[in-house]
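This report goes through one chain, part by part. Keep the sequence and the model side by side while reading.

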Amino acid sequence: MTNPTTPLPDHPIRQHWAWQVFVRSPRVMVEWVTVLGLLWAFVIDPSHPGVDVSDALLFSMLAFAAALFGIRTFEAIKGVR
């Protein structure tokens, strides 16, 4: 069985610079901010004594990252992107 893809509308607005900046970029930026936040929380911050990140914040960061990248994986499997 082949993987059906969801066709996205082919509209000229997708080639406009405003669509590229304000629609495509934020998702990638959120992913980079999430990765950098996790890097800070688990690698950089523990090496600096005196400043502790709470367990609740770490859990919520991991949950957000799992949801964000889980949605991206689901879309890739379904062929949306």
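Val 35 lies in helix 1. The model is a predicted one. With a relative accessibility of 37%, Val 35 counts as partly exposed, because that class runs between the 20% limit for buried and the 50% limit for exposed. Val 35 and Leu 62 are separated by 27 residues in sequence, while their C-alpha atoms are 9.9 Å apart in space.

## The chain as a whole

The chain has two helices and zero strands. It has 81 residues, and 15% of them count as buried. Its accessible surface comes to about 6,600 Å², and carbon and sulfur atoms account for 72% of that area.

How much of the contact in the chain, counted at a separation of 6 or more, joins residues 24 or more positions apart? Such residues account for 65% of those contacts.

## The nonpolar patch

Val 35 and Leu 62 both belong to a nonpolar surface patch of about 930 Å². Other members include Val 28, Trp 32, Leu 36, Trp 40 and Ile 44. Helix 1, which covers residues 17–44, gives the largest share of the patch, with nine residues.

Phe 42 is another member of the patch, and its place is in helix 1. Phe 42 has a relative accessibility of 41% and so counts as partly exposed.

## Thr 34, next in sequence

Thr 34 is also found in helix 1. Is Thr 34 buried or exposed? Its relative accessible area is 8%, so Thr 34 is buried.

A polar atom of the Thr 34 side chain lies 2.8 Å from the backbone oxygen of Val 30. When neighbours within four places in sequence are left aside, Thr 34 is in contact with Phe 64, Ala 65, Leu 68 and Phe 69.

Glu 31 is found in helix 1. Which residues does Glu 31 contact, leaving aside neighbours within four places in sequence? They are Leu 68, Phe 69 and Arg 72. Leu 68 and Phe 69 are also among the contacts of Thr 34.

Side chains of opposite charge can pair when their charged atoms come close. The structure holds one salt bridge. It is formed by the side chains of Glu 31 and Arg 72, with 2.6 Å from N to O. Glu 31 is part of helix 1 and Arg 72 part of helix 2, so this pair ties together parts that lie 41 residues apart in sequence.

The two partners fall into separate accessibility classes. Glu 31 has 8% relative accessibility and therefore counts as buried. Arg 72, at 25%, counts as partly exposed.

## Helix 2

Helix 2 runs over residues 55–78 and has 24 residues. From its first C-alpha to its last it reaches 34 Å, close to the 34 Å expected at 1.5 Å a residue.

Which residues of helix 2 are buried? They are Leu 58, Ala 65, Leu 68 and Glu 75. Ala 65 and Leu 68 are both in contact with Thr 34, and Leu 68 is in contact with Glu 31 as well.

After helix 2 comes Gly 79, which has a positive phi, near 80°.

Conventions
Residues are numbered from 1 along each chain as its sequence is written. This is a predicted model: local features need pLDDT of at least 70, side-chain atom pairs count only at pLDDT 80 or more; totals for chains, interfaces and linings use all residues. Side-chain values use heavy atoms; hydrogens and water are left out. Helices (H or I, at least four residues) and strands (E, at least two) are DSSP runs, numbered from the N terminus. The expected span of a helix is 1.5 Å times one less than its number of residues. Buried means under 20% relative accessible area, exposed over 50%, partly exposed in between (1.4 Å probe, protein chains only). Patches are made of residues with over 30% relative accessible area and no salt bridge: like charges are joined within 9 Å, nonpolar side chains (Val, Leu, Ile, Met, Phe, Trp, Tyr) within 5 Å. Accessible areas come from the Shrake-Rupley method with a 1.4 Å probe; for residues, only the protein chains shown count as cover. A salt bridge is a side-chain nitrogen of Lys or Arg within 4 Å of a carboxyl oxygen of Asp or Glu. Contact means heavy atoms within 4.5 Å. A polar contact is a pair of N or O atoms within 3.5 Å; within protein, one must be able to donate a hydrogen and the other to accept it, and residues adjacent in sequence count only if both atoms are side-chain atoms.
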